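Dear colleague,

I am handing over the structure below, together with some notes on how parts of it are packed and paired. Please read them with the coordinates open.

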Amino acid sequence: MESFRTVIKGWLGKVLLILFLTPLALVGIEGYFNRGNKADVAKTVNGQEISKKDLETLTQSYKQQYLAAVKGDESLLNLPVIQAKALDILVSRNLLIQQAEKLGISLSDTQIEQMLAQQPSLQENGQFSQKLYENYLRSIGMTSQGLISSLRQDHALKMLTSTFSDYSLVSKVDLMQIANLQTEQRTLHLASIKLDGYKTGLTASNQEATDYYNKHQNEFKQLASVDVDYVVLSPSMMAKPAPATEAELQQAYSKFVETQKKDAKRTVKHILITTDARDDAAAQKLAKEVYAKIQGGLTFAQAASQFSEDPSSKTKGGLVEAYAPGVFSDAFDKTVLSLKSGQVSQPVKTQYGYHIIEVETQANQIPSFESEKARLVAEVEKNKIANVYSDSVNSLNEMVVGNDSLEGIVQEVKSTKVESLNGVTLATQNPYLSQPNVKIKLFNDDVKNGDRNASSNIQLANGDTVWIKVRDYHAAGVKPLAQAMNDAKAKVIDEKARKAVQAKIATMLAEFKTQPADQVVAKNKVTFESAGVFTRSQGLKREIERAAFSLATPKPGMWSVTTANLPNELVVVAVSNVNSSAANAIPADQLQQLKQLYRQSRGQQILEDYSQYLKSHAKIK
């Protein structure tokens with residue numbers, strides 16, 4: 001049972017999880033709120049447009065997922081492939097939505113409103129908040145009806161796709177076959193025969209190597225690589241600047257005080273005059289009149305109650321309860337920051353109309369200069385070191401780029417030196433050259449097209465700086481025969497040695513088919529080690545696992561035997577027992593879990609086939 005749980009949580013679970021993470025699935029309400037206006041068209045699907053903005057958004061989403069998988073190393077991503085995948089998903093999604101509409105799959109306005117009311121991001125104290133909803137609509141530039149229409153489409157898509165994933169048929173025979181595959185236990189015995197002893201005296205001619213090379217060119221593929229010189233500069237190599245002066249500390253403290261004031265908590269109120277029922281000039285005129293009334297003695301709350309056209313705040317003295325930067329506009333936010341506590345602004349224009357804004361700022365308790373002095377000393381001296389380093393980097397950079405040489409750095413900073421490394425690939429592990437932003441410079445299109453100029457400075461993750469100069473670029477592909485000759489000869493010799501071993505053990509392998517295993521082992525000089533009991537994907541080397549689980553179940557007292565090729569080694573793989581009973585003891589709840597996973601896997605495949613069918617009958621331009 002433990003092995004089955006491991007399978008569900010491990011290999012099988014991961015593979016099926018990847019299959020189920022279909023890009024057509026809904027991504028939560030935030031996904032709807034991020035939609036913008038259509039721009040240039042990337043594709044049309046039966047006359048409906050897919051915008052370049054939508055394509056860019058989905059491409060970026062995939063890119064971020066893949067970047068997380070490769071720990072932020074963008075050089076390992078194939079961006080054209082990612083974009084092509086994103087476009088294919090958008091086309092499929094569009095076709096499925098169209099098909100859902102044809103089939104009449106839809107939610108009513110009431111159902112969608114109930115769904116919105118249940119979203120945590122739109123609730124306050126456990127209840128739906130109209131003001132949060134309205135603020136969200138403002139921030140994304142959508143009307144309520146536009147959002148509801150968008151939600152209706154997406155949930156129609158969900159209802160259609162769930163039909164495939166939740167209701168595909170799974171037979172008991174199929175289910176037990178999967179369970180048997182993953183829980184079957186095999187008892188293995190392994191014998192390792194090293195090839196070195198069989199290579200003595202073996203040779204390979206140029207013709208044999210050439211013939212092998214021509215026949216197995218896939219074995220001589222090489223990754224793209226560069227030969228590169230580089231210089232690394234660290235802040236520690238710079239001379240220490242003068243200690244912080246009293247004037248510098250006072251200036252730093254003034255900035256600290258300014259930041260404290262800027263970050264103070266603010267209560268924001270506004271009066272909104274919209275352009276919904278009037279033109280811009282009339283709205284501006286009315287806003288100025290309201291501002292004049294406030295200056296003449298009318299309280300802000302009274303003015304908000306009489307004139308504001310924001311229904312969520314006018315009865316609350318104009319209070320914007322869920323205010324956050326970005327809700328209205330940059331102009332609105334800048335005005336909020338510029339106002340002193342209790343001050344009322346002149347009318348400010350945004351896309352919603354004209355706002356008169358009042359801010360009440362809660363005063364912060366600002367620490368004294370003396371209490372902050374030790375921290376300020378450390379901060380100022382750190383900044384001075386950074387400035388000296390930055391100036392040095394800029395100066396050295398001009399020298400490197402101007403002279404197309406790294407030698408000037410060594411002459412200016414004696415503790416540096418030019419390092420060289422050949423055959424650097426995207427997979428090379430080097431503390432400097434393997435950093436993503438360096439690899440992008442090493443393998444960009446300019447280098448591939450012949451650029452051999454020294455680079456400008458590249459900032460490293462630890463704060464160091466590196467300059468690189470590519471001496472040569474080696475394109476990916478099959479190595480030329482001249483470069484591959486020695487490797488080809490080694491492979492020919494290796495092949496001859498394997499044949500010699502196979503010939504030596506051929507009789508033994510044949511005997512295992514007709515004689516009890518203990519008799520065969522006793523009269524042959526090959527030593528077998530008991531490897532233990534294994535299920536699939538339990539840590540065996542791929543070649544050995546593939547060989548072991550391809551063998552037929554042996555008869556009692558017999559072994560099923562084959563061989564597996566490993567580097568400079570031939571392994572005799574023997575199976576003495578196969579236990580398939582574990583699948584019969586799987587608890588009902590785990591079997592149900594496996595059934596659900598398999599149903600979703602089949603449903604996903606059917607959905608993909610259905611999407612391909614729709615594409616084959618669609619007009620896609």
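This is a predicted model: local features need pLDDT of at least 70, side-chain atom pairs count only at pLDDT 80 or more; totals for chains, interfaces and linings use all residues.

Helix α12, which spans residues 246–262, packs with helix α16, residues 369–403, at an angle of about 105 degrees, and their axes are 9 Å apart. Since angles of 65 to 115 degrees count as roughly perpendicular, α12 and α16 are therefore roughly perpendicular to each other. On the α12 side, the residues that meet α16 are Glu246, Glu248, Leu249, Gln250, Ala252, Tyr253 and Phe256, while α16 contributes Phe369, Glu372, Lys373, Arg375, Leu376, Val377, Glu379, Val380 and Lys384. Sorted by class, this contact of α12 with α16 comprises eight nonpolar, one polar and seven charged residues.

Turning to the sheet, four strands form an open arrangement in the order β15-β5-β17-β16, with antiparallel pairing. Its edge strands are β15 (529–534) and β16 (560–566), each of which pairs on one side only, and neighbouring strands are turned against each other by 30 degrees on average, direction ignored. Strand β5, residues 185–194, runs antiparallel to β15 and is joined to β15 by five bridges; in one of these pairings, Arg186 has Phe534 of β15 as its bridge partner.

Helix α20, residues 481–512, lies across β5, β16 and β17 (569–579), and runs at about 25 degrees to β17.

Key:
Residues are numbered from 1 along each chain as its sequence is written. Side-chain values use heavy atoms; hydrogens and water are left out. Axes are lines fitted to C-alpha atoms, for helices over the stretch in contact, and angles run from 0 to 180 degrees between N-to-C directions. Helices (H or I, at least four residues) and strands (E, at least two) are DSSP runs, numbered from the N terminus. Angles under 35 degrees count as roughly parallel, over 145 as roughly antiparallel, 65 to 115 as roughly perpendicular and the rest as oblique. Contact means heavy atoms within 4.5 Å. Ala, Val, Leu, Ile, Met, Phe, Trp, Tyr, Cys and Pro count as nonpolar, Asp, Glu, Lys and Arg as charged, and the others, Gly among them, as polar. Two strands pair if DSSP finds at least two bridges between them.
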